[in-house]
Amino acid sequence: MRFEPSEFVKSAGAKSGFLRDDRPCVVFSGKSNVGKSSVINCVLGRKNLARVGSTPGKTTNVNYFLVGNAVWFVDLPGYGYARVPHAERERWGKLMEDFFAEPERITFGVQIVDGRHKPTELDGVMNELFASCGCPRVVVANKWDKLKKSEMEPNLALIRETLALPEEIPLLPFSAEKRTGKQELRDIISEAVSL
């Protein structure tokens with residue numbers, strides 16, 4: 001598939017704003033401080049298309065980006081860290097529930113976790129949401145450049161074990177900063193959307 005041009009199209013704060021058309025839909029999720037926007041920008045070869053916030057939790061809506069005039073990249077609200085009011089967190093939860101209630105619209109899932117740490121309970125919940133859709137997906141272990149070489153294999157094993165990932169689901173070491181895994185993720189997404 002072509003990763004250029006790419007543009008932000010809209011932000012949906014409720015179910016009524018979700019986009020529904022025939023284009024493939026690649027959905028990105030991750031906790032608030034995992035570098036989700038940086039991963040999206042890295043894959044698209046853009047600096048600031050997806051907003052990178054100095055404060056975790058800046059993505060509070062479902063954001064739609066049109067890539068190569070043919071594929072939707074969907075940036076879901078971050079979870080689990082942001083210092084936001086309880087009511088706002090509840091709104092996020094409802095938004096996610098509504099989004100995953102239409103699994104036929106999700107072509108491929110990209111779940112981003114922190115490669116340095118054991119996945120959190122909320123990472124597990126997100127993993128289950130993707131699994132319940134039955135869509136193919138990849139788990140991206142971001143911030144890989146922060147690890148010592150001796151930590152790499154054990155951390156991959158811990159992530160796979162904690163999320164109970166079947167062998168057919170790729171677990172990809174990634175560094176948005178160093179662009180490690182960029183081409184591999186592009187290839188995985190291209191194959192998934194078959195463009």
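Two residues are in contact here when heavy atoms of theirs lie within 4.5 Å of each other. By that rule, and leaving aside neighbours within four places in sequence, Ser175 is in contact with Asn142, Lys143, Trp144, Asp145 and Thr180. The model is a predicted one.

One of its contacts is polar: the side chain of Ser175 meets the side chain of Asp145 at 2.8 Å. A polar atom of the Ser175 side chain also lies 2.9 Å from the backbone nitrogen of Lys178.

Helix α5 covers residues 182–193, twelve residues in total. From its first C-alpha to its last it reaches 17 Å, close to the 16 Å expected at 1.5 Å a residue. Which residues of α5 are buried? They are Lys182, Leu185, Arg186, Ile189, Ser190 and Val193. Seen down the axis of α5, these buried residues fall within an arc of 135°, so they line one face of the helix. They pack against the strands β2 (25–30), β4 (71–75), β5 (108–114), β6 (137–142) and β7 (171–173), and against helix α1 (36–44). After α5 comes Ser194, whose phi is positive, near 50°.

In soluble globular proteins, nonpolar side chains tend to be buried together. The largest nonpolar core in this model has 27 residues. Those with the most contacts inside it are Val26, Phe73, Val110, Phe174, Leu185 and Ile189. The elements that give two or more residues to this core are β2, α1, β3 (62–67), β4, β5, β6 and α5. The largest share, five residues, comes from α1. Ile189 shows how parts of the chain come together: not counting residues up to four places away in sequence, Ile189 touches Met1, Val26, Phe28, Val43, Phe73, Phe108 and Val110. Apart from this core lies another, of 20 residues, among them Cys25, Leu76, Phe100 and Met126.

Met126, named in that other core, is also one of the buried residues of helix α3. Helix α3 spans residues 121–133 and has 13 residues. Its reach from first C-alpha to last is 19 Å, close to the 18 Å expected at 1.5 Å a residue. Besides Met126, the buried residues of α3 are Asp123, Gly124, Asn127, Phe130 and Cys133. The partners they pack against are β2, α2 (86–100), β5 and β6. Gly134 follows α3, and its phi is positive, near 75°.

Charged side chains form a further set of links. How many salt bridges does a search of the whole structure find? The search finds nine. In one of them, the side chains of Glu4 and Arg186 meet, with 3.3 Å from N to O. This pair links distant parts of the chain, 182 residues apart: Glu4 is in the segment before β1, and Arg186 is in helix α5. Glu4 has a relative accessible area of 46% and is partly exposed. Arg186, at 14% relative accessibility, counts as buried, because buried means under 20%.

Another salt bridge joins the side chains of Asp114 and Arg116, at 2.8 Å from N to O. Asp114 counts as buried at 6% relative accessibility, while Arg116 counts as partly exposed at 33%. Elsewhere, salt bridges that share partners join Arg20, Glu102 and Arg105 into one network. Glu102 and Arg105 are both buried.

The last stop is at the surface. Asp22 lies in the loop between β1 (6–12) and β2. Is Asp22 buried or exposed? At 82% relative accessibility, Asp22 counts as exposed. Its C-alpha atom is separated by 23 Å from that of Leu185, a residue 163 places away along the chain. Leu185 is one of the buried residues of α5, and one of those with the most contacts inside the largest nonpolar core.

Notes
Residues numbered from 1 in each chain as written. Predicted model: local features only at pLDDT ≥ 70, side-chain atom pairs only at ≥ 80, totals over all residues. Heavy atoms only, no water. Helix = DSSP H or I, 4+ residues; strand = E, 2+ residues; numbered from the N terminus. Expected span 1.5 Å × (residues − 1). Buried < 20%, exposed > 50% of the residue type's maximum accessible area, 1.4 Å probe, protein only. Arc of directions from axis to C-beta. Core = buried A, V, L, I, M, F, W, Y, C linked by side-chain atoms within 4.5 Å. Salt bridge = Lys/Arg side-chain N within 4 Å of Asp/Glu carboxyl O. Polar contact = N/O pair within 3.5 Å; in protein donor to acceptor, adjacent residues only side chain to side chain.
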